[in-house]
Amino acid sequence: MNAEPDGLLVKVRNDGGFGLASAISALPQAEVIRESRASSDVRLGATATGQTTWLRTQNDDRHPWDQAHAVVAGGMGAAASAISAEPDMLVSWAAMSPAPGASHQNGGGGRAVGPHFGWHLDTQFSGLRDARAAVSAQDQNRVLIAHLDTGYDPAHRSIPAHMETARERNFTGEGAANSARDVTPANPLPITNRGHGTATLALLAGGDPGPQPGRAPGPLGGAPQCRVLPIRVGDSVVQLRTSTIVQGFDYARMQNADVISMSMGGITSDALAEAVNDCYEAGVVIVTAAGNFVEGVPSPRSIVYPARHRRVIAATGVMANGAPYDDLAAATMAGCHGPDSNMAYALAGWTPNTFWARFGAPNILDEDGQGTSAATPQVAAAAALWIAAHNQVLAAYPQRWMRGEAVRQALFRSARLVTATSDAALVRKKLGRGALDALRALAQAPLPFTQLVKAPVADASRYMINLLIGVGSGIADTVAGTRTRMFALEMAQIAQRDASVDAWLREHDEGAFDIADRKELLALVRDSGLASDTLRAKLGVALDGRDGRSAGPRFVGAGSKPTQPTPAPKPGFEPPVPTRRRLQIFALDPSLGVSLATFESKMVTVDVRFEPLKPGPIGEYLEVIDVDPASDRFYPPVDLDHPSLLICDGLAPSEGLPQFHQQMVYAVAMRTIASFEDALGRPAIWASHKIGEGRGVKIVPTPRLRIYPHALRARNAYYSPEKVALLFGYFPSVAALGSATAEGTLVYSALSADIVAHETTHALLDGYTPGYREMSNPDVGAFHEAFADVVALLQHFQYGDLVKREMIAARGELGAATLLGGLAKQFGEGSGNRGALRDYLSTKPDFSYRDTLEVHDRGSILVRTIYLVLLSLFERRAADLIALATDGSGVLRAGAIRPELAERLAREATRIARDMLRMCIRAIDYCPPVDITFGSFLRALITADSEVVASERLSYRTAFLEQFRAADLLPTNLKTASVETLRWSSPPADQASPAWLGSAVAGFNIHWREKLSRETISERASQRSKVLHDVLSRAIAADPSLCIPLGLEPELALYDRKTGATRRSAEGTAFEVRNVRAARRPRSDGTIQEDIIAVIVQRKPVFIDGSFVFMFHGGCTLVIDPGHALDPQRPARIRYAVYKRLTSQDRLDNEIAYRTGSFASAAKALYFDDQWNHGEPFAALHADRGEAE
Amino acid sequence: MPKITLRLYCHGLGDCHLLKFEADAGAPFWMLIDCGIHSSTKGGKALVREVVEDIRSCTDRLDVVVGTHEHWDHNSGFIQAQDLFENFEVGEVWLAWTENPADDQAKALDKYKGDALAAVRGAAAALALDEGLSGAAERLGSLLGFVFGATGDISRTARENLRALSPVVRYLEPGQFAPLPAGLDDFRVYVLAPSRNPKLFGMVDSASETYSMGPQWSGLVGGLTNGLAIREGVLSPSSDPLAPFDSAVGIKLSDLLEGEVVYAPDDLDARFFAEHYTGPNPAASATSTAAKLKAAKDDQSWRRIDSDWLGASSELALQLDSRTNNTSLVLAIETVATGKVLLFAADAQVGNWKGWSEAKFKLLAGQEKPVEVADLLARTVFYKVGHHGSRNATRGPGGLEAMSADDLIAFIPTDQVMAKKVGWSDIPARALLEHLGEKTKGRIVMSDSGWIQSGGARPQGTNAAWFGGIEVGLSKVDPKRGLYVELTF
């Protein structure tokens, strides 16, 4: 279940004075959500007297809980009357959409399959078919069931016989308030899980849809003759807000509903607890879903709210084979249960593989209903039948609440305590009171009222209050102040959103705690990334034991004797945790040390982000494992957290010490990662990898890039996508006379900062955009190499001291700073080519873009161009400094330049390089997904930069344009080349916000302010890819013309390369969503830009003379402005669609010509096709150049 | 009129050309250039033997047998049909200077080729044992098989068989006229390549030796050779000059992998290694889905690099291959009266072509200036396309572009189907075919063409005058199949 704050709920005193009115005017767009009666407010604290009112207002950019505290503390002018506040949580109900087309029961993933259509009604399952037959239509018709869901489809044949349409309501804000119809547009808008309400309604009280093969005659629903009051609380994408549930409950109660059936749930809330209590007091039987989760995805598994309240029956799931709806295969949906203490109020309905009415398809009843969504209406129907059968007895109870409680008891007592495959202990643990048996329930006589006991009051956060204030008696809540309650509620909400907090609570449910346990929990909450600043500060105090107001935390486990609190030792001065770690590296190749002139510049100390490190080093992003199979050696790992290394910036540079090599690859790779994260505004994610075999193959995220510093005995270093690893080689140098590298010594590629940065860039780029592995035109490979070189080159300029020394040596001329411009000096010299591997400072090469196809030569044109941009910008920026230093003459005096001037010049150079690096990296989000060219890279770069730097003071973009023009790298299809025309054009306004986009974005569930683990981020990305694929394919199936603005080919068939067969895609057109990622980056004006970048790829086979030659790729990068889900004025919008059409004949011709023409690695392609070096594409690029003319 | 008849065998992916020189008087002079077939060809041995029997049906004397270079598809016949060759009277054997055991430069090259071949073979064998890389081993193996012969029968043996065919073995130098017997003055045989320029083979001059291979190659060969020796326990890492660190640094990897050395439980290095490199055995004791998933996540085997360093062997194999191709003996045969030239380029790749212009021929009586290669190319009327039509085996500038004769015809011994099968996706290269098509005005004869293989008629729409001169000879084994084409100049 994904939850995100959306709006703020504020509870204000409503004593008849001006409090309410002033609060309404003080809070932006405030609307009344509910009026609380004194009795409904169960707490004895602050507001025991008087009426209160809940208002809903907008939240601002703060963490909503920080805002809530501010409101209560008197912010927003509502001080006088605000009693409490909490975020209005927007929840996406985790319910999987039935697969398009698949309508049968699905036994995959461990799900049990029922014997036939509608099996759950059978005697050996819910018994609803027998039970509904046993209760007369007349009696049933007296009962009113409120059905809270996403609305219904009036045209569907499963519609119940008695719909109370005159009274129906809609609280979602989507569509008219007096219509609970599902307003999903009529043209089949593809929405994940659309029509949830229609399906649960059919299970609840569905009518007779008429004869259908394979189905027993009769109505569909469990209580088909009852009256149904439809209340719409979830919108068309099954998102529901706390406030809409609250309103729905209140409305159901006010309409005298007997039963509430809600196949949904969400996050705990005080307002919701109040609404539950009011309903319970009014005798309404509340049945809601226990919740679902997807196996293998780390998410909370405890019962959701309101089902978790003891005044609500939590509908859990039991499968056709009697097993709990749990412990299924990975990626399969299963039902929530627990914590154990909550299971006394849970009851299991039969799921999955129930029927599932398909919205918008009046005649279709799928059979893949799943989740506790399908279980809930069964329990509710049983309750309604029981009420119908015992109506008169119930009416005679002296108090309203007794009616509801009697129903609950009858259902609980009749439930099956064992099933075909589960014993009593398992049933209790996972189903709760048992498996639903409606027929047996009917036989239960109503209890005499003297035997009815009120269920415990619904309280949104009491258990958390106990934990927070350290008292386990259950009394503490009555004395806890408002602020403490708010803290507790925030924590309880976090527990529902963070898998590790949830797991901790389940483990410690009903157990004894000690101080250490409690601290563990508080630390988990604090570190969840979800806590507000206010709560974090509060927890910080609790965790450090330095709460001035109390004598330290006291904590007593339930049932245990009070013990003396252990006084925490008073800590002394604690230094702040450092944010940076300093490490020494060779900034330039170690061979330079041989020359006295460069001795001091070869080593620098750099700082990298501080993180706790295990030996290796192994951190969050990287793991350095130093095995050298060719030499039969394993080099023990360096422990950079060792005190001896911490105090002296790591090991001193040494070629003969493998541990220094480990330190160096770590430091340089971390700096490269930081450059990417800084520029892209999101954490670096490595490419995923496969685990398992055969059908069990799963694609899982790779948390850490592995680095092998001594993997190869070759003049080579490469990134292996298959292993998600960097492999570095070493080789004996036999250098030409006069080079710094001595003949016979070894050259280590791991000791070249340039090579490490270069390879790390390959890995990062692969994590972001795997599409560039396809070498479809001469620029693709060249771009790969050039981009990695650009990153390495621009990183040179971040070694401030080095730049300054070079400035002095070169007397302020950047272009003359030779050491900085050549990449990987030793590597190049060692291999016998005099000079640096790729020397970008040498005079203009004698080859041009138009007729150079060799990957490295072509790439070097791009790198050189970007280097010239750096020079030209530096000249502009340095001009005034030189003028100042020379009294306007522009001519420096002879001799060394002043250190201050060198310092300032170095700073300018460093800054320009940093800005340029950021621009270049940012551009990759705006590049087409396949078939990149230098020209499209420039366009992406200009576009990306214009997005974040609106007005250009420093003319970076113009500098890029000029140099690209000079090098003849401009895109050929532009009539005029200017910064404006180079920007990608945005789609026309009428195509920018297609209907499918809004549902896709809603389905993405992006929580911009959430801090997630990288593993979760990459899991979410793949879930989002699936969402986008679903949504888009359905939209395209309905309207193929939607392909055009996206650059996609409509009605593309699927091609199986193994069999050579093609078949029509069931999805309108064949395409693949490679990635959906969210980026947040600061604009130059200080605001934050939020983008969703989606990458879509298509491919088709190309045949020449009847035989398959290659797969031709096309696709589209969508830059999406997420807009605001609830603001119709700000819909999600496609900012840019950067595509390469599969239908472009030009592109196809060019690629055929390129692939069949002669280019550099001809010999390799000849013998090994694309796979020439055991599937290591980069090994080929980096190995010795093939023979070429 | 003196004439030369070419019988170009179309038996598959491999070269075998029989030349019959006829002067106005005297017995014809027979020259055989190469005799081999790709090792992957099904029934290759039978095909080659059929070819040799066909040669025997033409003549029982071969005045000269030319071996262009040491590759299986050019010399397998000297093993596969060794007995049949005994039925011939062989006058001389011609080889390039690179095969001369008495030549220092050739010895350096030959030693390099031998060492590299051994390293590549060793690596292929080692790779085959590594499950994850067995595909690479297979590809490497097919390359080895192709160029160097199947297991056991290596092309080096074939070369020696060839050498043994006659006591007179000539090693030809670029710029030389290959000696023809008296009475054949109507013809000249120019030797264009291989050049003596060491750069074209990646050789360098160094003080210690007259010739040695460049650092990249020797580093590659040395790294592999020593690594393999360490792997087999023949070389101790401590005495390996190519090991990266002093022998005291690090722990012996094989001990850790085999668990032979028992480490104390607090040996952090050994534990680190076990946790992060070998990892837990994923198959062990995982029964539930969740446990299996966890085991699969902990599994480290997918990112181990035990054999990745051997990947350098494919690089080496490629270099070895192209280096060997560049030792190709290239002959231009001129009919003096007409000035027409027949060019046999063997498998010459670009490096070989680059050296052609360095071949300087002596001034002959009656000439104003010595013949230059450019002149020979301009008069070329028949071009045996290099290396089965691969894209880097016909040089454009200074090569094909210089062939300006109006009546140029090109012959490509090739087999597209077989080439595809062994992973050569682009033989013959489309771009080259287009270029050749322009130069020859469509007169390209490909040995695998349907019209040859089915022994049928000349292809439709082709130049009747030209193709009219081509005779297709049928196979005796299968009379529906063409065995050779014959042209007369």
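**Exercise 1. How many helices and strands are there in chain A?**

Solution. Start with the rule: helices (H or I, at least four residues) and strands (E, at least two) are DSSP runs, numbered from the N terminus. Chain A then has 37 helices and 35 strands. Chain B has 18 helices and 17 strands.

A note on the model. This is a predicted model, in which local features need pLDDT of at least 70, side-chain atom pairs count only at pLDDT 80 or more, and totals for chains, interfaces and linings use all residues. Residues are numbered from 1 along each chain as its sequence is written, chains are lettered from A and ligands numbered from 1 in the order in which they are written, and side-chain values use heavy atoms, without hydrogens and water.

**Exercise 2. State what share of each chain is buried.**

Solution. Buried means under 20% relative accessible area (1.4 Å probe, protein chains only). In chain A, 61% of the 1189 residues are buried. In chain B, 58% of the 489 residues are buried.

**Exercise 3. Describe how helices α22 and α27 of chain A pack.**

Solution. 
1. Locate them: α22(A) covers residues 778-796, and α27(A) covers 899-923.
2. Take the axes, lines fitted to C-alpha atoms over the stretch in contact, with angles from 0 to 180 degrees between N-to-C directions. They come within 9 Å and cross at roughly 160°.
3. Classify the angle. α22(A) is therefore roughly antiparallel to α27(A), a label for angles over 145 degrees.
4. List the contact residues (heavy atoms within 4.5 Å). α22(A) supplies A:Phe787, A:Val790, A:Val791, A:Leu794 and A:Gln795. α27(A) supplies A:Ala913, A:Met916, A:Leu917, A:Cys920 and A:Ile921.
5. Sort by class: Ala, Val, Leu, Ile, Met, Phe, Trp, Tyr, Cys and Pro count as nonpolar, Asp, Glu, Lys and Arg as charged, and the others, Gly among them, as polar. The contact has nine nonpolar, one polar and no charged residues.

**Exercise 4. Trace the six-stranded open sheet in chain B.**

Solution. 
1. Strands pair if DSSP finds at least two bridges between them. The order is β7-β11-β12-β13-β14-β15, with mixed pairing.
2. Find the edges. β7 (187-193) and β15 (444-446) each have a single partner strand, so one side of each lacks a neighbour in the sheet.
3. Look at one pair. β11 (330-335) and β12 (340-344) of chain B run antiparallel, joined by five bridges. In β12(B), B:Leu343 is the bridge partner of B:Ala332.

Technical notes:
Parallel < 35°, antiparallel > 145°, perpendicular 65-115°, else oblique. Buried < 20%, exposed > 50% of the residue type's maximum accessible area, 1.4 Å probe, protein only.
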